Amino acid sequence: AVLEHLRVQLAVDDIAEIERQVVTRSRGLSLDEVRRLVTLARDRLDPIGVGRREDEARAQRALTMFERDGMLHLNLQTDIASGAPVKAAIQAYVTATFQTRAHALDPEAPDADRRTVGMIQADALTEICTHASGCDNGGLPVSGATVVVRVGLGDLTTGAGFATVDGLDEPVSIAACRRMAAGGGIIPVVLGGEGEILDWGREK
């Protein structure tokens with residue numbers, strides 16, 4: 001279904017060859033890995049469509065909040081470029097928490113940290129928002145919350161391709177890549193034709 005819309009752009013034989021390659025490379029992969037493989041094939045064949053899908057996703061971005069059964073429920077959906085810093089910050093908090101847990105003197109102690117990943121992620125969002133509200137310059141364990149955006153030199157030069165964000169499946173357009181590179185906490189990585197790193201940028 002992901003490749004279905006390309007049937008109007010490519011020859012039947014080309015589509016069949018692409019599907020054959022995807023099936024061959026999918027052997028032994030998990031469902032998530034197969035999904036990433038198909039997404040990558042789609043975007044390499046239709047790089048212009050990346051920007052279109054990105055605009056559509058951004059137009060549908062939303063955060064809903066409601067209370068039920070004594071709890072506050074949050075539901076966020078947003079485009080990849082906008083969501084990347086959110087995911088990076090929360091994952092950095094989770095990583096720091098597990099590193100601290102690994103060095104606990106007694107993991108079985110009554111007061112040991114037994115939170116699930118979901119609980120820690122919820123606590124991360126709470127602490128990040130509390131910190132932002134107070135602006136007390138206190139240290140949050142998210143110093144590793146850096147977004148790495150990888151883009152080919154040819155795509156960056158022509159503006160016609162796409163970039164990828166470490167840890168996320170969907171690509172971002174070159175326009176979004178440039179916006180992200182101009183922001184904070186982003187490291188732009190420029191790649192050569194064989195995937196070699198030509199320039200590892202600095203975090204801004």
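In the predicted model, the second largest pocket is lined by L63, M65, L74, N75, L76, V86, K87, I90, Q91, Q121 and L125. A pocket is an open set of points on a 1 Å grid over the protein atoms alone, where a 1.4 Å probe fits, with protein on both sides within 12 Å along at least five of seven lines; lining residues have an atom within 4 Å of a point. Two or more lining residues come from each of β1 (62–68), β2 (71–77), α4 (80–102) and α5 (117–134), with α4 giving the most, 4 residues. Helices (H or I, at least four residues) and strands (E, at least two) are DSSP runs numbered from the N terminus. The volume of this pocket is about 300 Å³, taken as the space filled by probe spheres set on the points.

The largest pocket has a volume of about 420 Å³. Its lining comprises 20 residues, and L40, R44, F162, A163 and T164 lie nearest the centre. At least two lining residues are supplied by each of α2, β3 (147–152) and β4 (162–165); α2 gives the most, with 6 residues.

Helix α2 (residues 31–45) has 15 residues and should span 21 Å at 1.5 Å a residue, which agrees with the 21 Å between its end C-alpha atoms; the expected span is 1.5 Å times one less than the number of residues. Its buried residues (under 20% relative accessible area, 1.4 Å probe, protein chains only) are L37, V38, T39, A41, R42 and D43.

Residues are numbered from 1 along each chain as its sequence is written, and side-chain values use heavy atoms, without hydrogens and water. Local features need pLDDT of at least 70 and side-chain atom pairs count only at pLDDT 80 or more, whereas totals for chains, interfaces and linings use all residues.

How values were computed:
Buried < 20%, exposed > 50% of the residue type's maximum accessible area, 1.4 Å probe, protein only.
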